[in-house]
Amino acid sequence: MRNFDYMTPTRLIFGEGVIAKLPEVMKPFGKKILMTYGGGSIKRIGLYDKVKELLSDFEIYELADIQPNPKYDPSVLDGVRMCKENDIDVILSVGGGSVLDCSKAIATGAKYDGDPWDLISYKAFATDSVPIVDIITLAATGSEYDCGGVISRTETNDKIGYMDPHNFPVVSFLDPVYTFTVPKNQTAAGCADAMNHIMEQYFCEDSTILNDGFMEAGLKSLMINTVKCIENPEDYTARAEMMLTCTYGCNGIFSLGNSPTGWPCHGIEHALSAYYDITHGVGLAIITPRWMKHILNEKTLPRFVKYGVNVFGIDASLPEMEIAEKAIDATYKFFESIDIPMHLKEVGIDESRIVEMANHIAVNEHLDRAYAPLSEADLVEILTASL
Ligand code: NZQ
Ligand code: ZN
């Protein structure tokens with residue numbers, strides 16, 4: 001077990017109706033709020049009006065239309081400009097992970113004199129940020145409980161996971177009722193994203209009984225509860241447990257003391273979303289079973305056996321390689337069962353830019369250092385197998 005120095009300074013306020021606490025939470029920051037949101041879902045579900053009513057004593061500036069796979073230009077740049085022009089005291093992010101990730105880049109960019117992309121691309125590091133409060137409306141990314149934000153720059157085909165301790169939200173509101181309206185495809189994509197967050201940590205050199213148990217339970221919780229949420233979108237218990245399991249996804253709590261893994265499937269998927277703007281969780285669902293097949297060998301076999309027996313209940317008396325192959329097949333079949341398209345061609349991606357994407361990933365994601373090292377040739381193979 002490795003040493004670690006871990007802190008998640010975010011306060012989670014969880015449950016039905018907790019938004020009533022919003023005014024008292026916002027008050028200590030000051031009067032001027034930049035409210036960030038997406039394409040309109042918060043208006044359709046009544047959350048926009050509720051927030052405006054609760055915060056009627058505050059001065060609210062609005063940055064709307066933040067797109068999925070949030071764009072550096074215009075959204076981050078517009079938000080930074082609005083914060084600087086209006087001397088904003090706090091950012092209130094209302095929506096899914098795309099809105100919150102964009103808000104994180106705005107928060108540090110607003111306190112930086114140079115080009116905010118310097119911070120996102122790690123050419124410079126934040127020394128300060130505008131505080132962030134969020135109301136998360138989609139269970140998926142775990143952005144509400146981590147210091148990461150994934151920002152796309154379409155003109156250079158970049159999609160970078162921007163991690164900085166200044167990016168932790170101060171307070172995150174998680175009310176499962178606001179996820180009742182998440183459509184089936186987004187519920188499924190959110191599940192695939194959160195499951196992959198756990199798998200990126202589970203497939204590692206060495207883990208512990210504690211962490212494996214935590215992660216195996218997280219995977220089972222996500223699969224069971226996602227099916228329930230799809231069957232009955234207003235199943236509060238299922239939405240609540242799915243939401244909290246997603247929240248744990250990216251903040252490291254699942255793998256404290258474990259060896260690093262390099263998060264290979266995310267490194268590959270970020271290129272797919274950067275080049276083709278596809279839904280992140282869908283990209284991960286397509287890539288993961290192919291990545292598994294590609295890295296299965298004598299060294300990784302024990303992890304696949306543990307995964308197959310403890311997550312999918314595969315008969316432990318079978319030959320180990322057979323257990324591993326059944327586990328990979330079960331992973332693919334689960335994603336297929338929740339109607340996620342399982343081929344790149346189904347989401348508009350063909351072989352024309354595979355070599356270019358593989359090179360982009362090899363140059364930017366350093367997957368030659370991953371738990372199962374991947375060369376550019378490996379990446380071409382995995383992407384081709386995913387077509
Ligand atoms: O834009 P609006 O109108 O709000 O609609 C959104 C959007 O179209 C809709 N939606 C959100 N909440 C809803 C709802 N529709 C109905 N009812 C609700 N309650 O859902 C669509 C997708 O929203 P989005 O925010 O894009 O989804 P998600 O939360 O999955 O975020 C995806 C982004 O997060 C990044 C991904 O790369 C992607 O850019 N990630 C962030 C991570 C992090 N910060 O830790 C880690 C992840 O690995 C991931 O990379
Ligand atoms: Zn993810």
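Predicted model: local features only at pLDDT ≥ 70, side-chain atom pairs only at ≥ 80, totals over all residues.
For D146, a polar side-chain atom is 2.5 Å from an oxygen atom of ligand 1. For N69, the distance between an N or O atom of the side chain and an oxygen atom of ligand 1 is 3.4 Å.

## The shell around ligand 1

There are 32 residues around ligand 1, of which S41, G97, S98, D146 and H197 come nearest. By class, the residues of this shell comprise 10 nonpolar, 18 polar and four charged.

Several secondary-structure elements contribute to the shell. At least two residues are supplied by each of α5 (97–109), β6 (148–153), α7 (184–202) and α10 (264–276).

The domain assignment divides the protein chain into domain 1 (11–179) and domain 2 (184–385). Because both domains give residues to the shell around ligand 1, the ligand lies between them.

The C-alpha centres of domain 1 and domain 2 are 27 Å apart. Their contact involves 26 residues from domain 1 and 24 residues from domain 2. About 2,100 Å² is buried between the two domains, and carbon and sulfur atoms give 60% of this area. On the side of domain 1, the residues that lose the most area to domain 2 are Y145, N157 and K159, which together account for 26% of what that side buries.

Key
Residues numbered from 1 in each chain as written. Chains lettered and ligands numbered in written order. Heavy atoms only, no water. Near = heavy atom within 4 Å. Polar contact = N/O pair within 3.5 Å; in protein donor to acceptor, adjacent residues only side chain to side chain. Helix = DSSP H or I, 4+ residues; strand = E, 2+ residues; numbered from the N terminus. Nonpolar A, V, L, I, M, F, W, Y, C, P; charged D, E, K, R; others polar. Domains from an automatic or database assignment. Contact = heavy atoms within 4.5 Å. Buried area = accessible area lost by both parts, 1.4 Å probe.
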